[in-house]
Amino acid sequence: MSRISKIDLDDRNLPPPTPEIEQERRVAIFDLIEDNSFALPVRGERAAPEGPYHLGLAIRDKRLVFDVASEAGEKAAEFHLALSPFRQVVKDYYQICESYFTAVKTLPPSQIETIDMARRGIHNEGSRVLQERLEGKAEIDTDTARRLFTLICVLHFGG
């Protein structure tokens with residue numbers, strides 16, 4: 001079973017999220033648990049532990065930490081990614097999300113649609129960066145990358 005069955009965000013040191021960000025987080029976690037593809041590749045001669053996996057996400061020492069365990073709680077992998085490749089795309093994503101949340105309250109549907117298309121484009125870029133950064137560490141599909149990118153944004157919010 002190459003999938004994530006549980007996800008925990010370590011957001012202890014972050015400011016409380018806005019209601020919109022909290023909603024994005026809940027939806028991303030729900031969607032991720034419902035449908036995802038996550039596998040650990042074989043490394044050298046060591047077989048990859050089998051899933052499903054529990055995934056912990058955190059920002060520690062200015063690095064994004066993926067802490068992967070089996071359902072039985074046994075350590076399966078841990079990898080740290082530099083945050084710098086994500087900084088600009090996360091910043092752009094937050095700016096377009098703010099515009100989108102404001103637009104939903106005040107603008108006609110045609111203008112909301114234009115902003116939403118831009119938001120999806122930036123989100124796709126963030127998921128592409130994530131897939132590149134995880135290459136050789138974890139195998140994920142595009143939808144899983146999109147949902148994980150949303151959660152990275154939630155963590156990056158205060159990071």
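Colleague: Which residues of helix α4 are buried?
Modeller: This is a predicted model, in which local features need pLDDT of at least 70 and side-chain atom pairs count only at pLDDT 80 or more, while totals for chains, interfaces and linings use all residues. Residues are numbered from 1 along each chain as its sequence is written, and side-chain values use heavy atoms, with hydrogens and water left out. Helices (H or I, at least four residues) and strands (E, at least two) are DSSP runs numbered from the N terminus, and buried means under 20% relative accessible area, exposed over 50% and partly exposed in between, with a 1.4 Å probe and protein chains only. On that basis α4 is mostly covered, with twelve of its 15 residues buried, and these are Thr144, Ala145, Arg147, Leu148, Phe149, Thr150, Leu151, Ile152, Cys153, Val154, Leu155 and His156.

Colleague: How far does α4 reach from its first C-alpha to its last?
Modeller: The expected span of a helix is 1.5 Å times one less than its number of residues. For the 15 residues of α4, 142-156, that expectation is 21 Å, and the helix comes close to it by reaching 20 Å.

Colleague: How far apart are the end C-alpha atoms of helix α3?
Modeller: Helix α3 covers residues 109-134, and glycine 136, which follows the helix, has a positive phi near 85 degrees.

Colleague: Against which elements do the buried residues of α3 pack?
Modeller: The buried residues of α3 include Ile112, Asp116, Arg119, His123, Val129 and Leu134. Their packing partners are α1, β4 (63-70), β5 (75-82), α2, β6 (139-140) and α4.

Colleague: Which residues of α3 and α4 make the contact between these two helices?
Modeller: The axes, which are lines fitted to C-alpha atoms over the stretch in contact, with angles running from 0 to 180 degrees between N-to-C directions, are 8 Å apart for α3 and α4 and lie at about 100 degrees. The two helices are therefore roughly perpendicular, on a scale where under 35 degrees counts as roughly parallel, over 145 as roughly antiparallel, 65 to 115 as roughly perpendicular and the rest as oblique. With contact taken as heavy atoms within 4.5 Å, the residues are Arg120, His123, Asn124, Gly126, Ser127, Leu130 and Gln131 of α3 and Thr142, Ala145, Arg146, Leu148, Phe149, Thr150 and Ile152 of α4.

Colleague: How many nonpolar, polar and charged residues does the contact of α2 with α4 have?
Modeller: These helices pack at about 90 degrees with their axes 10 Å apart, and α2 is therefore roughly perpendicular to α4. Arg87, Val89, Val90, Tyr93 and Tyr94 in α2 meet Phe149, Cys153, Val154 and His156 in α4. Counting Ala, Val, Leu, Ile, Met, Phe, Trp, Tyr, Cys and Pro as nonpolar, Asp, Glu, Lys and Arg as charged, and the others, Gly among them, as polar, the contact has seven nonpolar, one polar and one charged.

Colleague: Which residues in α1 meet residues in α2?
Modeller: The axes of α1 (residues 19-34) and α2 (residues 84-106) come within 11 Å and cross at roughly 105 degrees, and the two helices are therefore roughly perpendicular to each other. On the α2 side the partners are Tyr93, Tyr94, Phe101 and Lys105, and on the α1 side they are Glu20, Ile21 and Glu24.

Colleague: How far from cysteine 97 is the nearest cysteine sulfur?
Modeller: A disulfide is a pair of cysteine sulfur atoms within 2.5 Å, and a search of the whole structure finds zero. Cysteine 97 is in no disulfide, and the nearest cysteine sulfur, that of cysteine 153, lies at a distance of 7.2 Å.

Colleague: What is the relative accessible area of serine 2?
Modeller: Serine 2 lies in the segment before β1 (4-10), and it touches Asn36, Ser37, Phe38 and Ala39, not counting residues up to four places away in sequence. Serine 2 is partly exposed, because its relative accessible area is 44%.
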